[in-house]
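Here is a note for a colleague who is opening this structure for the first time. Please read the points below with the sequence and the model side by side.

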Amino acid sequence: MFVRFSAKNLGFFALASLAWPVFAAHPAAAGEGASRAFRLASSNNSSSSQPTESKLIPRSVLFGNPERASARISPDGKWLSFLAPVDGILNVWVAPAEDLSAAKPITDDKTRDIRSHSWAFTSRHVLYTQDKGGDENWHVYATDVESGKTTDLTPLEKVNARIQGVSHKFPEEILVGLNDRVPQLHDVYRVNLLTAERELVMQNPGVAALITDDDFDVRFAFTFTPEGGQALMKPGDGEGAWEPFVAAGPEDAMTTGPAGFDKEGKTLYMLDSRDRNTGALFAMDIETGDAKLVAEDDRCDVGEMMVHPTEKTIQAVGFTYSRREWQVLDPSVQADLDYLATVEDGEVLITSRTLDDSKWTVAYVLDNGPLKFYLYDRGAREARYLFSDRDDLTDYDLVKMRTPVIPSRDGYSLVSYLSLPAGSDADGDGKPDAPLPMVLDVHGGPWARDGWGFNPYHQWLANRGYAVLSVNYRGSTGFGKEFVNAANMEWAGKMHDDLIDAVNWAVEEGVAQRDKVAIMGGSYGGYATLVGLTFTPEVFACGVDIVGPSSLVTLLQNVPEYWIPFMPVMKVRVGDVDTEEGRAELLKRSPLQLVDKIVKPLLIGQGANDPRVTQLEADQIVEAMQARSIPVTYVLYPDEGHGFSGEDNRMSFNAVTEAFLAEHLGGRYEPVGEAFKEASLQVPTGGDEVPGLAEALKAVGK
C-alpha cells in the first residue's frame, strides 16, 4: 500500500480546500478549421523574444485525455487495470496481468471522465466515484470484472458519498460515508459489493469525521474545535460517550492528524507538529498515549508513506521540500527501491501492491516526459514496462523544471518551480539569455502545494514563448506549521506579497520582462489573480481567473453544507463572516470591492455547478465591471463544477486562454481549430476582447 498523508485520506479537510481539481490540468483536445482571426497566429508566429522556432505542441497533446493512465494491480495479482478513453471519455480497462494487449473496457461512462479507481479486495470489483456535471454529489460505483456489471452502491440524490475504508479482512464489503441523514455530517455504512445492501455502522455524533480501522470498527472521532484547533476522541464507557485522546490548538491543526493503525490496531500513526515545527510521523500507543518518533525532516512535513499491505508496517516515508526524498525504515524494501531507482531517471511512486506483496505497480514521475508505468516482480527483481500516459509527447521539445527557492521580504523561503522555453537558456544556468514574458501560475488551495514533475501548463506556456513560475506562497502545505500559520488572515496581504516578491525576483534575475507578466490560476489561484489586478494593478499585464472567489464574504456564506464542521478553521485562517466587524475585514480583502482599480485585461472561467466557488463569484464581479464599463471576457460552462473536467471544455478554455495571453504578452498560439465544436462554453460578455473569439463562436453556432 502507498499512502500520501492528507486530510483527504481522513475524509474531512480536503473538502474545505479551494484547490483546483488535479483533473483540470489534464489534457484537452484541438483540431483544425477555425476563424480567420485565429488562423493568423500559425505555428510560425512568435514574439521578438521567442528564442527558437521549436515545434508548436498541440493542445491535444498536452490537454487531451491521456492515452492510458493509473495502472493498478489487483490484490490477487491476476488483473491489471488502468484508465483509457472509450469514445473520448476516460473509463476503466482491465487486462490479464501478463497480457496487457488483451485489455477491455469494463465501465461505460458516456458523459464524464472517470478520474480515479481502485481495486476491492475481492480482486473482482473495481471501485470508483462519479458526480454529475461537477456538482460533487459523488456516487460510489463497483464494477464486476467478470460480468461487466456496474452497480451504484449509493443511489441517493444530492448526497456526497465517500469511500470510508476497505479491508482485506472483509473482501466483499466496503465502508462508505453518507450525509443523507444530516447534510453536514457523514454517517458510516457497511456496503456489500455483491448485493449492494447497506448497513449502518455508526451515526455521526456531530463531528468532522469518524476514523475506522481494518476491522471496520470506529476507533476515533475527529472534529475541529470552536477555536480552530482539533480534537481526536475515542469511545468512552457509556453508550454514545466520547473521551479526549489527542488535542491540538489552531497552530497545529493543519499539520497534525491521524494517519492509520498498525496490524493489531493498538498503535495509531500520527502526523504531529506539536512542540515542533514540521509534521513528523509518530507511533502512539492507544492504551497509554505514549508516542515514539518514526520519521522526521526539519525542512518539511511527512508526505507519502509506504505501508505493507497486510502487516501494516511503515516501510518508507517520503518528504518533499523541492524534490521527493525517501527515508527507508524497513530494510526488506531497500533493495527493491535501489533497483527501481535504476530503471528510469525519475521520481519513484509505488501505486499498488498485491496482497502477498510479490508484485507492485510503479510510476515514474519526470519533469520533461510522460508518466511511465511498470509492473515490478519483487521475486525476479524485474520491472516490466507497461505504458506511458502520453506516447505522443516524445515528438516534441519538452523543457526541464528548475527549483529555485525565492526569499520573501520577511525572511521566508518560497520553494518554487520555473520552466523556460526551449533554447532560451543557452548556458543552462536556469536563467534565459534575455528576459522573457512570464506567466505566474498560482496554485489553488491555498492549503495545497506545487511540486516537481511533468506539468502540462508549464510545458504549454513555455512552448508558447513564456517563462512560467509557480510559487509555494505562505499557507502552502508541506513546509511546517510556521509557514502555514504565517498565512492566517493574510489573504490579499502577505500571501500576495509573496507572489509580488517572486515577480520582483524574476525581474531582478533577468527571467521576466517587467511589463510582460501575467497572473493566472484556479480557485485560490483565481482569487490571487483578481487580487493581483485590483490590489496591485500596475504589476501584471493581464490575468486569467478560473473559478476564483471575488468576495470572501459571499464565498464563506455559500459553502457546501458538509463544509460546516470545518468552518471554525476558516474563521481562524480567513476571517469571521458571522460578525459585522469580521465581514468588514473580509470585504477589505475582497477584489469585488476594488473593481474600479482594474485597468488590465481579465479573462474569467467558471463552472455553473461549482459547489465550492459558486457562479455568483464570477457573475458579481463581471456585473460590477460592466457597470463601470471595464472590459472583461467571461467564459461559462453549464456542465462543469470546480474546474473543467470535460476534455472538450478544457480544450476550449485553453484555446481562449492562449489567444488572450498572446494578445497581451506577445507569445505564439495554436489556431482554435475545432476546440469549440463539442464544448459547452458560453461567453456571456467580452467575446470581442479576445482576438478571433467572437468569430470562432459564431462559426460553431454559439
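1. Is glutamate 670 buried or exposed? Glutamate 670 is buried, its relative accessible area being 10%, where buried means under 20% relative accessible area, exposed means over 50%, and partly exposed lies in between, with a 1.4 Å probe and protein chains only.

2. Before going further, please keep in mind that this is a predicted model, in which local features need pLDDT of at least 70 and side-chain atom pairs count only at pLDDT 80 or more, while totals for chains, interfaces and linings use all residues. Residues are numbered from 1 along each chain as its sequence is written, and side-chain values use heavy atoms, with hydrogens and water left out.

3. Glutamate 670 forms a salt bridge with arginine 59, with 3.3 Å between the closest N and O atoms; a salt bridge here is a side-chain nitrogen of Lys or Arg within 4 Å of a carboxyl oxygen of Asp or Glu. This pair links distant parts of the chain, since glutamate 670 sits in the loop between α13 (647-665) and β38 while arginine 59 belongs to helix α3 (residues 59-63), 611 residues apart. Arginine 59 is buried as well, at 0% relative accessibility. Helices (H or I, at least four residues) and strands (E, at least two) are DSSP runs, numbered from the N terminus.

4. A second salt bridge joins arginine 276 to glutamate 296, with the closest N and O atoms 2.9 Å apart. Arginine 276 is in the loop between β19 (267-272) and β20 (280-285), and glutamate 296 is in the loop between β21 (291-295) and β22 (302-307), so the pair ties together parts that are 20 residues apart in sequence. Arginine 276 is buried at 19%, whereas glutamate 296 is partly exposed at 32%.

5. Aspartate 425 and arginine 402 also meet through their side chains in a salt bridge (3.5 Å, N to O). Aspartate 425 lies in the loop between β31 (413-419) and β32 (436-442), and arginine 402 lies in strand β29 (residues 401-402), 23 residues apart. Here aspartate 425 is buried at 17%, and arginine 402 is partly exposed at 34%.

6. How many salt bridges does the rule give? The count comes to 43, and Asp336, Arg353, Asp357, Arg378 and Arg381 are linked in a network of salt bridges.

7. Finally, glutamine 682, found in strand β38 (residues 682-685), is partly exposed with a relative accessible area of 39%. Leaving aside neighbours within four places in sequence, glutamine 682 is in contact (heavy atoms within 4.5 Å) with Tyr634, Val635, Leu636 and Pro638.
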